[in-house]
Amino acid sequence: MSQAQFDYLLRLGDTSLILAQRLGEWVGHAPAVEEDLGLANIALDLIGQARLFLSYAGELEGCGRDEDRLAFHRDVPEFRNFALVEQPNGDFGATIVRQFLLDTYQRELYAELLRSKDERLAGIAAKSLKETEYHWRFSSRWLVRLGDGTADSHERVQRALTDLWPYTNELFDADATDRAVAQAGIGPALGTVEARWRPAVGAVIEEATLARPAERGKLTAGKRGMHGEALGYVLAEMQFLQRAYPGGQW
Amino acid sequence: MTQAERDWPLWEVFIRSKSGLEHKHAGSLHAADATMAIEHARDLYTRRMEGVSIWVVRSSEIVASDPGEGAALFEPARDKVYRHPTFYEIPDEVKNL
């Protein structure tokens, strides 16, 4: 097992896990009970994906850490999720924008991972891709509704899009880990994913009558463990029980 | 826009549990349009593998019988037991029934 492969699996797993935790905050608070369940369903799909990625990472590492150990007993700098997914929910529109940007990424990434030389990873991608197709339907349709909706909804999602757009730079900023897994045929070259992501995102943004934000140089590095303070609060809530009662089961 | 127009209308949901069976009424939900209604139905009513097909129809499109006319509509069937096949005795000579 290479360190790069382990890190790569943590990136995949943590990104799904932290986004799921964020979506979980909506339970009981969404604008309608139908959306409440819709967001919770997506969160549960993402937790399922995170379990598969993290279990595999733990097995590769061979130090006896299982999915729960990895999820609940690591601290902020050890998390490898994109900074995008730890951003606060904001209003429903901002949650949809964040979801849409990441859904499109996961959809294109998982489609590439189907061809991974790592058969187990390809299998996880195949299962996850079906779920992600639906997540994308949900978030892209909502983005069009809100963008092409009232003046208020348009303004809100445009603002969220402008705010969150710079966080997408990290998704395609290939570092040593990304290059190592690409070279080993485990993961795709990020340029390939980006070449699909940009037109796919652009088409929906246009349909939603939104303006594509100007490119800015901001570059986050959540995937290398550099996070904002937001993640600390997410982990505090997510990990509380296992920190207070280590190994507790029910 | 009035409050009634802002609120999502009500839809009735019908789910087919497996191919070959008929769609059955599963419940209702609110949605802005047909596409959203299908997606909501998927999220609300097929979470536990309940279905392979979904129908949705605006609740306002359903025409219902009037409960006040119940007597006129349904009472006459009560004393017509001969409409059930079990009312008839089958002669021993009749085979293959």
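Over how many bridges do β1(B) and β2(B) pair, and in which sense? The legends below, which describe a predicted model, start from that pairing.

**View 1. The hairpin of β1(B) and β2(B).** These two strands of chain B, β1(B) and β2(B), pair in the antiparallel sense, and the pairing runs over 7 bridges. Within this pairing, V13(B) stands opposite G27(B), a residue of β2(B). The two strands form a hairpin, with 6 residues lying between β1(B) and β2(B), and in the turn G20(B) has a positive phi of about 100°.

View 2. Three strands of chain B make up an open sheet in the order β2-β1-β3, and their pairing is antiparallel. At the edges lie β2 (23-30) and β3 (53-58) of chain B, each of which pairs on one side only, and from one strand to the next the twist averages 25°. Strand β1 of chain B, which covers residues 10-16, pairs with β3(B) in the antiparallel sense over 6 bridges, and R16(B) has S53(B) in β3(B) as its bridge partner. Helix α2 of chain B (residues 34-45) packs on the sheet and touches β1, β2 and β3 of chain B, while the direction of this helix makes about 130° with that of β3(B).

**View 3. The contact between chain B and chain A.** Where the two chains meet, 9 residues of chain B are in contact with 7 residues of chain A. On the side of chain B that touches chain A, the elements that give two or more residues are β2 and α2 of chain B, and α2(B) gives the most, with 5 residues. Sorted by class, this side of chain B has 3 nonpolar, 3 polar and 3 charged residues.

**View 4. Chain A as a whole.** The secondary structure of chain A comes to 10 helices and 0 strands, so that, read along the sequence, its pattern is α-α-α-α-α-α-α-α-α-α. The radius of gyration of chain A is 17 Å, which is close to the 18 Å that the globule rule gives for 250 residues, and chain A is therefore as compact as a globular protein of that length. Along its principal axes, the C-alpha trace of chain A spans about 55 × 40 × 30 Å.

**View 5. Helices α2(A) and α6(A).** Helix α2 of chain A (residues 33-61) packs with helix α6 of chain A (residues 119-147) at an angle of about 165°, and their axes are 10 Å apart. Because angles over 145 degrees count as roughly antiparallel, α2(A) is roughly antiparallel to α6(A). The crossing in which α2(A) passes α6(A) is left-handed. Residues of α2(A) including I42(A), L52(A) and F53(A) meet residues of α6(A), among them I124(A), H135(A) and F138(A). By class, the contact of α2(A) with α6(A) has 6 nonpolar, 4 polar and 3 charged residues.

**View 6. Helices α6(A) and α7(A).** The axes of α6(A) and of helix α7 of chain A, which covers residues 151-164, come within 7 Å and cross at roughly 125°, an angle that makes α6(A) oblique to α7(A). L143(A), L146(A) and G147(A) of α6(A) make the contact with S153(A), H154(A) and V157(A) of α7(A). By class, this contact of α6(A) with α7(A) has 3 nonpolar, 3 polar and no charged residues.

Conventions:
Residues are numbered from 1 along each chain as its sequence is written. Chains are lettered from A and ligands numbered from 1 in the order in which they are written. This is a predicted model: local features need pLDDT of at least 70, side-chain atom pairs count only at pLDDT 80 or more; totals for chains, interfaces and linings use all residues. Two strands pair if DSSP finds at least two bridges between them. Helices (H or I, at least four residues) and strands (E, at least two) are DSSP runs, numbered from the N terminus. Axes are lines fitted to C-alpha atoms, for helices over the stretch in contact, and angles run from 0 to 180 degrees between N-to-C directions. Angles under 35 degrees count as roughly parallel, over 145 as roughly antiparallel, 65 to 115 as roughly perpendicular and the rest as oblique. A crossing is left-handed if the near helix is turned anticlockwise from the far one by less than a right angle, and right-handed if clockwise. Ala, Val, Leu, Ile, Met, Phe, Trp, Tyr, Cys and Pro count as nonpolar, Asp, Glu, Lys and Arg as charged, and the others, Gly among them, as polar. The radius of gyration is taken over C-alpha atoms; the globule rule is 2.2 Å times the number of residues to the power 0.38.
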